[in-house]
Amino acid sequence: MQHKLKNLSDRKIAQLIIYLVLILDVVVLCRFSAGSSRFGPQIPGNPAAASDAAPEAGTSSYTAMMTAATTTATLETEIGLITSPAIPEATSSATLAVTPVFPGIDPVITSQWIFPMKTEPTTPTVGVFGAGRTSKRLHAGIDLYSPDGTEIYAMAAGRVQNIIVFYENLMAIEVVNHDGATIRYCELTPSVKIGDKVDLGQLLGKLKKNSDGTCMLHLELYAAAGSAALTQTKNKHYLYVSTRYGTFMRREDLVDPSGVYGLPRP
């Protein structure tokens, strides 16, 4: 039995070699017979036409091409070792788009968000998430530096849960989104009040300079929509951010907002 299998295998290998040699011969014949292949003379003024033109029926080039096609088909059928490459499925532009990453919040949710301003801000090293503030406290948001008076828009629809004095008499607007997340927009002059319904892209307020002349949107994200205070000075436990180098003094569901730069502009 093993002897028969070995003979069958040997025949398959020999047949494969013969077919491959035959195909190589046919390809060489096509190259020289066509006379207008990419290795042959080109048509002046239209080099692509020479290499891409199909041979006409009845010519030696056409006969060679059909022989090669028939041989290849026979090889695939009889030996079963060569198959056509799979055609990839069409991918929509939406699938190819890069979704901003906010660890702790479902990307399906954040894919519906927009950038909070129409201008292009900057973020210096001191304004990145996690930057040191004191020996124990880390920066709990991202600072988007923009000109005084820059309009700030709602990144998602929701309701204004709270408005507080945040820094140097500049205000913070805390919006609980309908999608279950919470966004805190800080250091601005509000255009809304507590309890207001907020639509996606709605004007929330305008940035205002602080005492040292800088102007920024301090942005904080939270994964949940709870009513507990966002600033919690004694909290040391966090679900989605590292406290290796200190604490953020915020609620435990604090999320790194750095992916905001990847959101579509309003």
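1. Strands here are DSSP runs of E with at least two residues, numbered from the N terminus. The model is a predicted one, in which local features need pLDDT of at least 70 and side-chain atom pairs count only at pLDDT 80 or more, while totals for chains, interfaces and linings use all residues. Residue numbers start from 1 along each chain as its sequence is written, and side-chain values use heavy atoms, with hydrogens and water left out.

2. Strand β4 runs antiparallel to β5 (residues 182–190), and six bridges join them; two strands are said to pair if DSSP finds at least two bridges between them. The hairpin of β4 and β5 has four residues between the strands, and Gly 180 takes a positive phi near 105° there.

3. β4 also pairs with β3 (residues 158–167), in the antiparallel sense and over eight bridges, with Met 171 of β4 as the bridge partner of Val 165. Two residues lie between β3 and β4 in their hairpin, where Glu 168 in the turn has a positive phi of about 50°.

4. Seven of the eight residues of β4 (170–177) are buried, meaning under 20% relative accessible area with a 1.4 Å probe and protein chains only.

5. Arg 250 lies in the loop between β8 (216–222) and β9 (254–255), and counts as buried because its relative accessibility is 7%. Leaving aside neighbours within four places in sequence, its contacts (heavy atoms within 4.5 Å) include Phe 166, Arg 184, Glu 220 and Tyr 222.

Conventions:
Buried means under 20% relative accessible area, exposed over 50%, partly exposed in between (1.4 Å probe, protein chains only).
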